[in-house]
Amino acid sequence: MNLEIIHNFEKFLRNKGYSPQTIHTYTKALEQVPDSWNVTEPQLLYEHINYTLTDNNQTFSPSTRHNIGPASSLFFQMQTGEVFRNYNRNQKYKTTRNKDLLEEFFKYSTEFKHITSMSAIAECHHISAFLDSLDVIPNDWSILTAEDIKQYVCTVFQNIKASSIGRYITSLRNFFRFLEYKGYVINSSVLELPLISADWQKSNVPIILTSDEEKRLRFHYKNDEEMGIRNNIIIRLMLDLGLRCSEIPNIMLSDIKWANALIQIHSTKNNHVRQLPLSAELGKLLEEYILRYRPSVPDEKYLLLRKYVNRYTSMSRENVRYVIRNAFEKEHITGYWKGTHALRRTAASKIFNNGTGLKLTADILGHESLDSTKAYIKVDFEHLKAVRLLFQDAESMFQRDEGRKRSFRKGKKSIEVWDLSGFEIDHSPNKLRVVRYHESWKEEGKERERWMWLATTLEHADYQILWEIMHRRWDIEENGFHQLKTYYHAKHCYCHTAVEVIFELMMIGFNMRELYLYRRIQKFEGSRISRKSVSRKFCDELLLENMKDVLYEKGG
């Protein structure tokens, strides 16, 4: 092997953070390989390495045979910039009969959708196998339906896990979206293919850290020395913000926005930059680390540093993983699922169960698909159980006629009421009031009835007012659904994620208009003013930016 290449290899390993012992071992192994490795053309080098490892492996000493595999992989990466074990696999779709179409799909995935090259290559392999299963590539892609995809999946993927099938279906859906983007007519049923949820090894619910395990991890590393406070920050970033191991090493000093209490995350899985709020506790920890403990290294822009030989450099993803795994081992936290991602699942579940919606939880985690977020979240079943027990306790008291109030009438309805206060529930700082209503009325000669329950912290609101509030809200929402379906032809399309946000905005606008009509315009119901005319006036006034007249019109 050329000595200049050996020296370059040593430098390459040093820059990647390998120890001097490992560098010495790998270079010694590389010195034993034939001169045919002195090439840079990927395909040629790949063939020479394979020939050496398979046919000439027995000519090496036992220690060289042990080290030549990893050394050759790193050498291949240095010479070509590609991963050795994936190289042959990556070439298959490039030499297929559908090469041009797959290369366009790869470009669309990486440049338009901004997914990582690794994910795009995996999808290209999935699509290559699918296209190879077709006798001919159709000129009219609309002839392929969801039933055809189903037949393909059921035939080819009989013996793989449900989670893997879900990944293949995702690739197929993305490919058909790509075709639609290119202007081909696509059968709509294909784009509605359902994702198959992951088939977890031992549970249908994502497993998270227990409260005790989480507490032990949070306080495992001490905050009185450089490595301890740095490692503690890593654990807090994962448990509080749900960051990935790959995202933490890329945080720079300039990414902390102290004035706004935000931290900016870039170099993410989907290449989207996101900003997350810093808690006072985490902010104080970061401040103390930077001012008192972080090594002062000129021109080092990254937040978290590690000492390598006699100098400080930025941490790697593997360094972050080691910090977590070491804490797991020392705290005796074990289990088949206990990996670094357990912290991210725990953070996701806490964020969601604290009242954050699924969409906002997905944004915090950096997920583009809500399906991805659902796989991370474990609903707080203990909290749901506590709510159920709350109503069970109240019902047992109501059955003894405790809390019974005077009934009242609204129109044709007679309403019985039971109303008790002073209930307690975990995680709620306030005592709760539980109200039960029983409505009864006659309709088309038949007796009708309806039971309604309400839990509230409003101690002094009259129970008749609470009943009115419940019904007003229902009336507004039901009217909104009716109008969207009847007049705007929304039907049930708003169930899909892509349209859901638009639908929610429409509902917000509708609710604001209804509240305005009933709260600001006196006797609206008897005024014979149509909602359309009011909405038209809103639009006209908003276009003129005359907001004051809209909100404070005389007589409103």
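Mentor: A residue counts as buried when its relative accessible area is under 20%. By that cut-off, 39% of the 556 residues of the chain are buried. The model is predicted, and its secondary structure comes to 22 helices and nine strands. Among contacts with a sequence separation of 6 or more, 56% join residues 24 or more positions apart.

Start with helix α6 (residues 99-112) and helix α7 (residues 117-133), whose axes lie 9 Å apart at an angle of about 150°. Angles over 145 degrees count as roughly antiparallel, so α6 and α7 are roughly antiparallel to each other. Their crossing is right-handed. On the α6 side the contact is made by Leu101, Leu102, Phe105, Phe106, Ser109 and Thr110. The α7 side contributes Ser117, Ala120, Ile121, Glu123, Cys124, Ile127, Ser128 and Leu131. Sorted by class, the contact of α6 with α7 holds nine nonpolar, four polar and one charged residues.

Isoleucine 121 sits in helix α7 and has a relative accessible area of 17%, so it is buried.

A disulfide is a covalent bond between the sulfur atoms of two cysteines. A search of the whole structure finds zero disulfides. Cysteine 245 is buried as well, at a relative accessible area of 8%.

Now compare the packing around helix α4 (residues 62-80). Helix α2 (residues 20-30) crosses α4 at roughly 95°, and the two axes come within 8 Å. Angles from 65 to 115 degrees count as roughly perpendicular, so α2 and α4 are roughly perpendicular to each other. From α2, Thr25, Tyr26, Ala29 and Leu30 meet Thr64, Asn67, Ile68, Pro70, Ala71, Leu74 and Phe75 of α4. By class, the contact of α2 with α4 has eight nonpolar, three polar and no charged residues.

Helix α1 (residues 3-15) also crosses α4 at roughly 95°, with axes that come within 10 Å. That angle makes α1 and α4 roughly perpendicular to each other. Ile5, Asn8, Phe9, Phe12 and Leu13 of α1 make this contact with Ala71, Leu74, Phe75, Gln77, Met78 and Gln79 of α4. The contact of α1 with α4 divides into eight nonpolar, three polar and no charged residues. Ala71, Leu74 and Phe75 of α4 also meet α2.

Further along the chain, leucine 466 gives a view of a helix residue and its surroundings. Leucine 466 lies in helix α19 (residues 463-486) and is buried, with a relative accessible area of 5%. Leaving aside neighbours within four places in sequence, leucine 466 touches Arg433, Val435, Tyr437, Leu454, Thr456, Leu458 and Ala461. Of these, leucine 454 is 12 residues away in sequence and 8.7 Å away in space, C-alpha to C-alpha.

For a strand, take threonine 313, which is found in β5 (residues 311-314). Its relative accessible area is 18%, so threonine 313 is buried. Beyond four places in sequence, threonine 313 is in contact with Glu300, Leu304, Leu305, Arg306 and Tyr308.

Most residues other than glycine have a negative phi. Alanine 261, in the loop between β1 (256-257) and β2 (262-265), has a positive phi near 55°. Alanine 261 is partly exposed, at a relative accessible area of 35%. Histidine 332 also has a positive phi, near 60°, and is placed in the loop between α14 (317-330) and α15 (341-353). Exposed means over 50%, so histidine 332, at 67% relative accessibility, counts as exposed.

To return to the part you asked about: α6 and α7 are roughly antiparallel, whereas α2 and α4 are roughly perpendicular, as are α1 and α4.

Key: Residues numbered from 1 in each chain as written. Predicted model: local features only at pLDDT ≥ 70, side-chain atom pairs only at ≥ 80, totals over all residues. Heavy atoms only, no water. Helix = DSSP H or I, 4+ residues; strand = E, 2+ residues; numbered from the N terminus. Buried < 20%, exposed > 50% of the residue type's maximum accessible area, 1.4 Å probe, protein only. Contact = heavy atoms within 4.5 Å. Axes fitted to C-alpha atoms, helices over the stretch in contact; angles between N-to-C directions. Parallel < 35°, antiparallel > 145°, perpendicular 65-115°, else oblique. Left-handed = near helix turned anticlockwise from the far one by under 90°. Nonpolar A, V, L, I, M, F, W, Y, C, P; charged D, E, K, R; others polar. Disulfide = S-S within 2.5 Å.
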